[in-house]
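Here are my notes, as promised. Have the model open while you read them.

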Amino acid sequence: MAMGENTVNSVDQDKVMEFLMRVVTDGGAAAAGLCTSLGDRLGLYTAMAGAGSMTSAQLAERTGLHERYVREWLAAQVAGEYVTYDADADGYLLPDEHAAVLADPTAPTYAAGFFTMMQALYGTEDVLMEAFRTGRGVGWEEHSSALFAGTAKFFRPGYTGALVPEWIPAMNGTDAKLRAGAEVADIGCGYGWSTLLMAEAYPASKFHGFDFHRPSVEAARRNAEERGMADRVSFEVATAQDFPGHDYDLITFFDCLHDMGDPGSALQHARAALADDGSCMIVEPNASADVRENANPIGRAVVSASVAVCLPSALAQHGPHAMGNHAGEDAMRMIADDAGLHHWKLAAETPVNRVYAASR
């Protein structure tokens with residue numbers, strides 16, 4: 001009893017309250033995330049973008065939603081400082097700067113897809129609890145479709161803003177090859193947005209997207225057809241260890257290599273499938289193997305996603321490496337070197353991603 005009393009007396013109560021408020025803030029953000037997802041999916045942010053100040057009734061009419069729900073949603077948006085409120089006019093405004101993040105899927109800063117993913121992450125909490133106890137994995141396909149759609153939705157804006165104008169030109173002559181006409185394999189292509197972005201920019205080249213997840217491949221095929229690119233962009237169900245083809249000028253791994261149970265064999269297969277002067281583009285989260293360096297908003301989001309998705313996905317494949325998404329450059333470079341990709345460089349970097357070029 002005395003020991004407990006001494007422990008309590010030794011605690012800095014100001015620090016306790018400071019940390020309590022941080023945890024309450026995090027809890028409020030988690031609850032508010034549902035409101036953000038609803039605002040995105042129901043078109044509320046889109047309806048408010050560039051529309052100026054409006055009442056809850058006007059927003060409800062514009063979106064075809066029930067006014068009382070819209071009014072409550074707006075109150076939550078004001079509390080989170082996503083939306084401003086003019087009491088005299090009873091008007092709500094989504095600032096243009098906030099609209100660039102929440103209302104425009106074509107903007108590189110659009111981030112609403114993160115909250116679509118959260119539907120899936122919370123939905124698998126019970127499964128993850130059991131995985132913690134048993135050490136088993138939780139496969140990508142075990143999550144709900146919100147994870148697949150949300151992942152595509154979240155990464156697409158960043159790829160749109162950087163892939164063609166920045167990342168490919170940093171890849172040692174790859175841009176010239178693609179302009180002249182090249183063969184490209186996009187491994188772990190998901191819904192195909194990375195593949196289609198490259199195909200749109202380089203019409204002389206042919207692109208092949210591969211993913212082991214059939215529903216994602218089917219979605220990618222639909223996206224290609226809708227954009228009139230199905231004649232030179234193909235999508236097939238295949239793993240990173242058995243995708244077909246050879247003499248590829250470029251093989252890409254967008255935010256997926258760390259999800260694989262055996263990234264080494266994936267890179268070995270890629271090396272064998274490369275043309276003599278071909279190269280791999282490996283895009284990974286911008287997170288550090290030193291856990292202290294991830295104590296920032298992006299690092300926190302990345303590593304938390306690794307707990308919920310990346311590490312469990314790798315463990316489900318029973319391979320030799322369960323890396324998580326913050327293994328760091330040194331670990332990636334070592335695996336690539338062991339796979340026969342001896343030339344390595346950091347080609348580009350954003351706050352969210354690091355882009356590596358690897359070749360024989």
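1. Strands S6 and S7 (residues 274-285) run parallel, paired over 6 bridges; pairing here takes at least two DSSP bridges between two strands. Helices (H or I, at least four residues) and strands (E, at least two) are DSSP runs, numbered from the N terminus.

2. S6 also pairs with strand S3 (residues 183-187), again in the parallel sense, over 4 bridges. Here Ile187 has Phe253 in S6 as its bridge partner. As for burial, 7 of the 7 residues of S6 (residues 248-254) are buried, so the strand is largely enclosed by the rest of the structure. Buried means under 20% relative accessible area, exposed over 50%, and partly exposed in between (1.4 Å probe, protein chains only).

3. A word on provenance: this is a predicted model, with local features needing pLDDT of at least 70 and side-chain atom pairs counting only at pLDDT 80 or more, while totals for chains, interfaces and linings use all residues. Residues are numbered from 1 along each chain as its sequence is written, and side-chain values use heavy atoms, with hydrogens and water left out.

4. On to Ser234, which sits in strand S5 (residues 233-237). Leaving aside residues up to four places away in sequence, Ser234 touches Phe207, His208 and Gly209, where contact means heavy atoms within 4.5 Å. Ser234 and His208 are 26 residues apart along the chain, yet their C-alpha atoms are separated by 4.9 Å. With 25% relative accessibility, Ser234 counts as partly exposed.

5. Now the helices: H7 (residues 113-123) packs on H9 (residues 145-167) at an angle of about 160°, the axes being 7 Å apart. That makes H7 roughly antiparallel to H9, a label for angles over 145 degrees. Axes are lines fitted to C-alpha atoms over the stretch in contact, and angles run from 0 to 180 degrees between N-to-C directions. Among the residues in this contact are Phe114 and Met117 from H7, and Leu147 and Phe154 from H9.

6. The loop between helix H14 (297-316) and helix H15 (329-338) holds His318, which counts as exposed at 71% relative accessibility.

Conventions. Parallel < 35°, antiparallel > 145°, perpendicular 65-115°, else oblique.
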